[in-house]
Amino acid sequence: MADIFKKCFDYTQADEFKAKGLYPYFHTLESKQAPEVVMEGKRRIMLGSNNYLGLTTHPDVIKAGKDAFDKYGSGCSGSRFLNGTLDEHIILEKEIAEFVGKEQALCFSTGYGSNLAILSSIAGRHDYIICDKEDHASIYAGVQLSYAQLKRYNHNDMEDLEKVLKLIPSDAGKIIVVDGVFSMGGDYANLPEIVRLAKKYDARTMVDDAHALGVAGSEGRGSAWKYGLQNDVDIFMGTFSKSLASLGGYVAASERVINFIKHNSRPFIFTASSTPAATACALAALRILKAHPELVKRVNDLGDYCRKALIDRGLTVKESEAPIIPLPSKDAVTTAQINKMLYDEGVFVNCVFPPAVDPNDCLIRISLMATITEALIDEAADKIQKVFDQVGLLNK
């Protein structure tokens, strides 16, 4: 008789990395999420956080969370559909919608759950969802939950996208879903061409701006604003766990689309609402972003500074624009070795392993905060140069 747990007992990859002392996950943070942190008793330069604007330590954000605890308690103990809607949820939705230029918005408890909630409700068995091959895993999970037919195109390959669109029945419902900024590569989706093709083939468009809100476009409003296409993209999705220093996600679209999702999305209807503190922190961070658009310029300038610092030190840097910098690191074992060596040197970065990339195209992923300094970047870049030299991946 087959045992459903057999796969659990057969899974040894994590154990093998632990045995080699190369396991890169679950390091324990013992301080606030800041440019310098304490992890497992030692100071580390944080180059692996999505806290792009550095607002997790902002006093106004922290105060908002504390005040929400005092006013509302620790949680709502119910879904938004029933007893879980706070006045702060409504205020946050209104301000998000205004900021990204849509009629309405709807908030969710997590960013991952946002894509599940949106896609599973707006698409059905006879519809088509067209995705970039490097779209986030939550998009693909949402497609599965929707029962829609999935079509994929090669990363940012507009000729391939058009080939896919041509093969879809003209009378079928279809939507192109794409990351505005790709989380692993730090590159932007080709939204001008995606929008053009969507109009040509009568498709709708949805952009996942999880890594673009607070980073891209006019005042950090998102990737569509970067190209002046904010009125041409049908749905914006984003998260509060990155630039907005909290937890949760949102969808912004026309009033009719939001109304449909609100009343038909099972992940929304049957999930407890986001906690008062998380909601209040996201709202406070959004207001700081609106009041201080210079933070957007600062984090992008630091991305450019870090790229140049690494290139000047002989590192190969994959092309990117956002404050996400991917460094090619060969295979998984080499990548884990680099990660461990950098961690021991006091620099925290992230590894990118298969299936996110091909087996011999693994990456070391750097992401920056607006609150880091050039001096800290230079200190980290020196250590990165040292480690990549030791493993033979430095350009000389």
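Arg44 sits over the face of Tyr343, 3.7 Å from the ring centre; a charge counts as over a ring if NZ of Lys or CZ of Arg is within 6 Å of the ring centre and within 35 degrees of the ring normal. This is a predicted model, in which local features need pLDDT of at least 70 and side-chain atom pairs count only at pLDDT 80 or more, while totals for chains, interfaces and linings use all residues. Residues are numbered from 1 along each chain as its sequence is written, and side-chain values use heavy atoms, with hydrogens and water left out.

**Rings**

- Arg221 lies over the face of Trp225, at 5.2 Å from the ring centre.
- The structure holds 7 aromatic pairs (rings of Phe, Tyr and Trp, the last by its six-membered ring, with centres within 6.5 Å; planes under 30 degrees apart are stacked, over 60 edge-to-face, the rest tilted).
- Tyr23 and Tyr25 form an edge-to-face pair, because their ring centres are 5.6 Å apart and their planes are at 90°.
- Tyr23 is partly exposed at 23% relative accessible area, and Tyr25 is partly exposed at 40% (buried is under 20%, exposed over 50%, partly exposed in between, with a 1.4 Å probe and protein chains only).
- Phe240 and Tyr250 are stacked, with 5.8 Å between centres and 25° between planes.
- This pair links distant parts of the chain, 10 residues apart: Phe240 is in the loop between β8 (235-239) and β9 (249-253), and Tyr250 is in strand β9 (strands are DSSP runs of E, at least two residues, numbered from the N terminus).
- Both Phe240 and Tyr250 are buried.
- Phe17, Tyr23, Tyr25, Phe26 and Phe353 are linked into a cluster by ring pairs.

**Second largest pocket**

- The second largest pocket has a volume of about 250 Å³ (a pocket is an open set of points on a 1 Å grid over the protein atoms alone, where a 1.4 Å probe fits, with protein on both sides within 12 Å along at least five of seven lines; points are joined across faces, edges and corners, and the volume is the space filled by probe spheres set on them).
- It is lined by 14 residues, of which Ile122, Ile175, Arg204, Ile235 and Val257 are the closest to its centre (lining residues have an atom within 4 Å of a point).

**Sheet**

- An open sheet of 3 strands runs in the order β1-β2-β11, with mixed pairing (two strands pair if DSSP finds at least two bridges between them).
- β1 (36-39) and β11 (347-348) are the edge strands, each pairing on one side only.
- β1 pairs with β2 (residues 42-46) in the antiparallel sense over 4 bridges.
- Val38 has Arg43 in β2 as its bridge partner.
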